[in-house]
Amino acid sequence: MSKKETRHQTIAHTSESLFGKENYIWMIAGIAVIALGMLVMSGGKSSDPTVFDQKEVYSTSRITIAPLLILAGLAIEVFAIFKKPKA
């Protein structure tokens, strides 16, 4: 075989997708958990915008649960990226 034929054969191989279907499902789940954490952090509408309600602003859901949800979503994203697709 000549050098030209060998080079042509190596280029002709088919390319596989980097991620599988299961990886994309995990990625969507991670994005959903991050979005849920952002919604929990934003909270609700105040009944009176001129009054500062410390209990509402510094609530457990905004200060603790929402950041944990966001970090969990990021961990799911890392897992989805590093998970090997099934062959």
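Residues are classed by relative accessible area: buried means under 20%, exposed over 50%, and partly exposed in between (1.4 Å probe, protein chains only). By this scale V78, at 45% relative accessibility, counts as partly exposed. The model is predicted; local features need pLDDT of at least 70, side-chain atom pairs count only at pLDDT 80 or more, and totals for chains, interfaces and linings use all residues. Residues are numbered from 1 along each chain as its sequence is written, and side-chain values use heavy atoms, with hydrogens and water left out.

V78 sits in helix α4; helices are DSSP runs (H or I, at least four residues), numbered from the N terminus. The C-alpha atoms of V78 and G30 are 8.9 Å apart. Along the chain, 48 residues separate V78 from G30.

Side chains of opposite charge can pair when their charged atoms come close. The structure contains one salt bridge, defined as a side-chain nitrogen of Lys or Arg within 4 Å of a carboxyl oxygen of Asp or Glu. K83 pairs with E22, with 3.6 Å between the closest N and O atoms. K83 lies in the segment after α4 (60-82) and E22 in helix α2 (residues 21-42), so the pair ties together parts that are 61 residues apart in sequence. E22 is partly exposed, at a relative accessible area of 31%.

R62 also belongs to helix α4. R62 is buried but has no salt bridge. Leaving out residues up to four places away in sequence, R62 contacts (heavy atoms within 4.5 Å) V40, M41, S42, G43, G44, E56, V57 and P67.

How values were computed:
Helices (H or I, at least four residues) and strands (E, at least two) are DSSP runs, numbered from the N terminus. Lys and Arg count as positive and Asp and Glu as negative; His and the chain ends are not counted.
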